[in-house]
Amino acid sequence: MPIRRIDAPRADPALIAQLRRRLAEIGFGEAGLRNALGTGPTADPLALATGQPAADGSPFSTCAALFWSGKPVPVAAAEEALAPLRAADFEQLGLVEVRDGSLHPLCAIRPAEGLLVASDLPTTQADCVLGVVPASETLARLTVRRPGRRSLDLGTGCGVQGLLLARHSETVTAIDVNPRALAFARFNAALNDVPQLETRQGSWFDPVADERFDAIACNPPYVISPDAAFTYRDGGLPRDAVSRMVVREAAGHLAEGGFATVLCNWAHDDDWAAPLRDWVAGTGCDALLLHYATVPPAEYAARWNLELRARAPQSYEATVRRWTDYYAAQEIARIGLGAVVLRRRAGASCWLRALDMAQGPSCPSSDAILRLFDAGDFLESDAGRNLGAHAYRFVDGHRVDQTLSHQAGAYVVGPAVFRCLPGIGVEAHVDPRALDVLLECGQHRRLDELVADAAQRRGEKADEVRKLAEAAVRHLVECGFLVPVVDERA
């Protein structure tokens, strides 16, 4: 029998409080799941999605079967595992259907980011509500986490971004055009005991027309396609207009000093950053443009229709063909994947930095984002125009890789590649001839002094060494590996 989609979960405070306590008692969380699946403590929660905990009859395995794996569970087993809750209570919450002596789940409840997140089971319904997916994880990792008064989760879906914002915000407003999404968000707020999250239904920024926020997080329906099949995926505007509109309007809803993080897809030619520069121009915000990948249109179309390939191969082929025809008509040759991070800063000439990332963020990266904004401020300041006058220190957690390649009978030293693993995904490639100067940073000595010592040691002209060293320092500061220590000796 096909899954009967629920209209919406119901946020009954008393029953949800009992469910929250019982799930905590049986250890239904990320740690318990990793233990049941035999994975390590550093395993990516998203990588656990295909795992299936063993059915050993324990309360944990019964709960996991019902809400993690989406399998029917006999009423007696479920009531024993989740007592004092009864089958009728789960029906009252809209989480299950009692049929043939079993509880049949109508939604999933999965641990992620220290939360319990309810969402739809797999479905092809247009207004389905996804749980925590890779894009959710990316947005969570790129969102700036600072204490603030008001935050906005635009396009909240199941509410996970709003719940994470609530950890550092007095109030969170969660907006979605899909009423089922708002019902899931309210349920998840109650399940995680987050009273400061409020929901508003409406299109884009309409429900907060004249309001400003200290933090905005948005995972919009950014997919570039000719379709309007799924609320969570298809924005209904041509090309990359959804991403552009959200970036520009988010800027207008930021309080002074506030940050907005928006995941984006965009069409571009040779210069991946050119469209994004246009998007952020005149917004009154400093901007980080983060580019994680570019894919050709045919690959992009195939990626977004993988589920259809397994379910209806002929329809999949027709859909991919229709999408690629659309890209050809729109003269879209490349599609960029990434994010824009904005910070409102009035009364000043705003800057932007375009960073071509080596990989996606592999850990919470708020500190790294803030460091990149500090770097932008420094490089645009009077102090940043005289790099040699300052000392610098390296951030913890980075590593430097070099390679030797054999060319024309001799080994050639390759660039020094700086990485933070785990990290935000940025790499910095530095001329190896600057390394001996760089490795002296952190000794409370100005760069000019380090350059003079290196020039004397090498028997080279100081101006030549300075040119190499300052280029390397500027790049490492821009990428967040070096931090200026202004007036270190004062």
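Modeller: The discussion below takes up strands, backbone geometry, salt bridges and the surface.

Modeller: This is a predicted model, so local features need pLDDT of at least 70 and side-chain atom pairs count only at pLDDT 80 or more, whereas totals for chains, interfaces and linings use all residues. Residues are numbered from 1 along each chain as its sequence is written, and side-chain values use heavy atoms, with hydrogens and water left out.

Biologist: In which sense does β11 pair with strand β12, and over how many bridges?

Modeller: Strands of a sheet pair through backbone hydrogen bonds, either parallel or antiparallel. Helices (H or I, at least four residues) and strands (E, at least two) are DSSP runs numbered from the N terminus, and two strands pair if DSSP finds at least two bridges between them. Here β11 and β12 (residues 334–344) are antiparallel, with 10 bridges; A287 has L342 of β12 as its bridge partner. With strand β13 (residues 352–356), β11 pairs in the parallel sense over five bridges, and L290 stands opposite L355 of β13.

Biologist: How many residues of strand β11 are buried?

Modeller: Buried means under 20% relative accessible area, exposed over 50%, and partly exposed in between (1.4 Å probe, protein chains only). Strand β11 (residues 285–295) is mostly covered, with nine of its 11 residues buried.

Biologist: What is the strand order in the open sheet of three strands?

Modeller: The order is β15-β18-β19, and the pairing is antiparallel. The edge strands, β15 (398–401) and β19 (427–430), each pair on one side only. From one strand to the next, the twist averages 20°. Strand β18 (residues 416–420) is joined to β19 by four bridges, and A416 has V430 in β19 as its bridge partner. Helix α17 (residues 462–478) packs on this sheet, touching β18 and β19, and its direction makes about 180° with that of β19. Contact means heavy atoms within 4.5 Å; axes are lines fitted to C-alpha atoms, for helices over the stretch in contact, and angles run from 0 to 180 degrees between N-to-C directions.

Biologist: Which peptide bond is cis with omega near 15°?

Modeller: Most residues other than glycine have a negative phi, and most peptide bonds are trans. The bond from A83 to P84 is cis, with that omega near 15°; P84 is in the loop between α4 (75–81) and α5 (87–93). Another cis bond joins L421 and P422, with omega about -5°, and P422 is found in the loop between β18 and β19.

Biologist: Where does D193 lie, and what is its phi?

Modeller: D193 is in the loop between α8 (179–191) and β8 (197–201). Its phi is positive, about 55°, although D193 is not a glycine. D193 is exposed, with a relative accessible area of 52%. E331 also has a positive phi, near 55°, and is a residue other than glycine. E331 is placed in the loop between α13 (313–329) and β12, and E331 is exposed at 69% relative accessible area.

Biologist: How many salt bridges does the structure hold?

Modeller: A salt bridge is a side-chain nitrogen of Lys or Arg within 4 Å of a carboxyl oxygen of Asp or Glu. The structure holds 32 of them. One joins E25 and R22, at 3.1 Å from N to O. Both residues lie in helix α1 (residues 13–25), three residues apart, about one turn of the helix. E25 is exposed, at 58% relative accessible area, whereas R22 is buried, at 15%.

Biologist: Which parts of the chain does the pair of D401 and R419 link?

Modeller: The side chains of D401 and R419 meet in a salt bridge of 2.4 Å, N to O. The pair links distant parts of the chain, with D401 in strand β15 and R419 in strand β18, 18 residues apart. D401 is partly exposed, with a relative accessible area of 25%.

Biologist: Which residues are linked in a network of salt bridges?

Modeller: The network links R445, R446, D448, E449, D453, D463 and R466. Within it, D448 and R446 form a salt bridge of 3.8 Å, N to O.

Biologist: Finally, which residues form a nonpolar patch on the surface?

Modeller: Patches are made of residues with over 30% relative accessible area and no salt bridge, where like charges are joined within 9 Å and nonpolar side chains (Val, Leu, Ile, Met, Phe, Trp, Tyr) within 5 Å. Accessible areas come from the Shrake-Rupley method with a 1.4 Å probe, and for residues only the protein chains shown count as cover. L404, Y411 and V413 form the patch, with about 350 Å² of accessible area together. Y411 lies in strand β17 (residues 410–413) and is exposed, with a relative accessible area of 59%.
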